[in-house]
Number of protein chains: 2
Amino acid sequence: MSSKRIAGPEIERLIQLLAKVPGLGPRSARRAALHMIKKREQLLEPLAGAMAEAAAKVTICSTCGNVDTADPCSVCTDPRREDATIIVVEDVADLWALERAAEMNVRYHVLGGTLSPLDGVGPDDLNISGLIDRVASGAVRELILAVNATVEGQATAHYITAQLEDTDVKITRLAHGVPVGGELDYLDEGTLSAALRARTNF
Amino acid sequence: MSSKRIAGPEIERLIQLLAKVPGLGPRSARRAALHMIKKREQLLEPLAGAMAEAAAKVTICSTCGNVDTADPCSVCTDPRREDATIIVVEDVADLWALERAAEMNVRYHVLGGTLSPLDGVGPDDLNISGLIDRVASGAVRELILAVNATVEGQATAHYITAQLEDTDVKITRLAHGVPVGGELDYLDEGTLSAALRARTNF
């Protein structure tokens with residue numbers, strides 16, 4: 001907006017807030033606001049209602065750390081899922097991504113981040129004790145550590161593994177390799193080397 | 001989302017609505033929803049409120065066709081602007097773009113589209129009679145036709161010019177030329193040819 005006001009404060013505030021939404025910048029926030037205003041009944045009003053409802057109802061699942069409108073969440077209470085396997089992820093976004101990718105009837109556990117001593121994030125800041133408790137409950141046979149392939153992610157994976165040393169739960173991690181559709185030329189050496197070591201029969 | 005539900009219906013509905021916002025697709029809508037939920041107090045709640053307020057208050061200015069929370073709008077009531085010049089635009093987005101670009105203390109007139117016989121859009125479907133009335137009021141000395149450089153935009157410009165033939169208002173249009181920062185190599189021939197014809201002293 002220029003210094004001269006060209007729209008009421010309500011519209012400028014809407015644009016300012018929309019610009020904070022990931023995926024929208026100041027320019028696209030204006031475009032989005034205008035589009036919403038033009039589609040008041042089809043988009044602006046329903047979206048305002050949906051947001052207010054989500055804001056009122058959203059909660060963190062006390063079992064797995066997922067975000068939902070119920071506690072325990074839809075994943076934890078789903079009777080079609082088996083308790084034997086838990087996929088451990090850093091963030092709810094990873095849970096959603098894995099659910100889209102794979103047809104696995106498993107449970108999840110959201111850590112809420114990774115160990116990062118430099119940022120002051122220790123084991124107590126993550127949802128790790130909850131994971132230990134779930135494993136101790138006995139139903140879990142395999143823990144798939146689907147943490148990011150970063151230094152922090154791997155450190156977190158090692159910490160969790162160490163904590164569960166005395167249990168007989170099987171701990172696995174995601175395979176490293178060439179992304180499907182990826183071009184070798186653009187891959188880093190670590191990934192290529194890992195893909196070579198883990199080669200399979202054709 | 002997969003067929004299995006991983007979040008409550010309120011969250012899925014929020015994602016579905018967000019995916020309709022220009023600039024967001026299904027994937028970024030999920031990311032945006034998750035970000036909002038995590039920033040409930042800073043983003044989700046204020047945004048829900050701002051949207052509800054905008055939905056309740058937004059109106060179309062009966063003078064110029066601008067979108068605002070007041071009628072007449074902030075532009076039409078701004079005492080620092082002069083009535084002598086009106087910039088005619090197709091859409092409110094064009095008004096906003098021109099306001100960002102230029103420090104001109106002018107008024108605007110939003111047509112709400114362009115003449116398009118094939119789509120059944122005639123002069124009565126656009127805010128043209130309102131423009132004629134404003135010119136007839138006598139204060140307007142120049143009309144800048146800032147319509148898009150499309151066939152429909154130019155046809156609309158010609159129609160308006162014909163309607164105002166008997167008045168002594170000066171009618172101008174935006175200059176054609178090379179976009180600032182643009183590379184000649186990528187420009188179409190029409191633009192290059194127009195830029196050549198309208199060349200200025202260096």
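**Chat about a predicted model**

User: What's the make-up of residues 84-179 of chain A, and how far apart are the end C-alpha atoms?

Analyst: That stretch of chain A is 33% helix and 18% strand, with its end C-alpha atoms 28 Å apart. Helices (H or I, at least four residues) and strands (E, at least two) are DSSP runs, numbered from the N terminus. This is a predicted model: local features need pLDDT of at least 70, side-chain atom pairs count only at pLDDT 80 or more, while totals for chains, interfaces and linings use all residues. Residues are numbered from 1 along each chain as its sequence is written, chains are lettered from A and ligands numbered from 1 in written order, and side-chain values use heavy atoms, leaving out hydrogens and water.

User: Which UniProt annotation covers 84-179 of chain A?

Analyst: The unreviewed UniProt entry has "domain: Toprim" there. UniProt positions follow the numbering used here, feature names are shortened, and annotations may be inferred rather than shown by experiment.

User: And what does UniProt place at residues 61-76 of chain A?

Analyst: "Zinc finger region: C4-type", again from an unreviewed entry.

User: Is A:Cys64 buried or exposed?

Analyst: Buried, because its relative accessibility is 0%. Buried means under 20% relative accessible area, exposed over 50%, partly exposed in between (1.4 Å probe, protein chains only).
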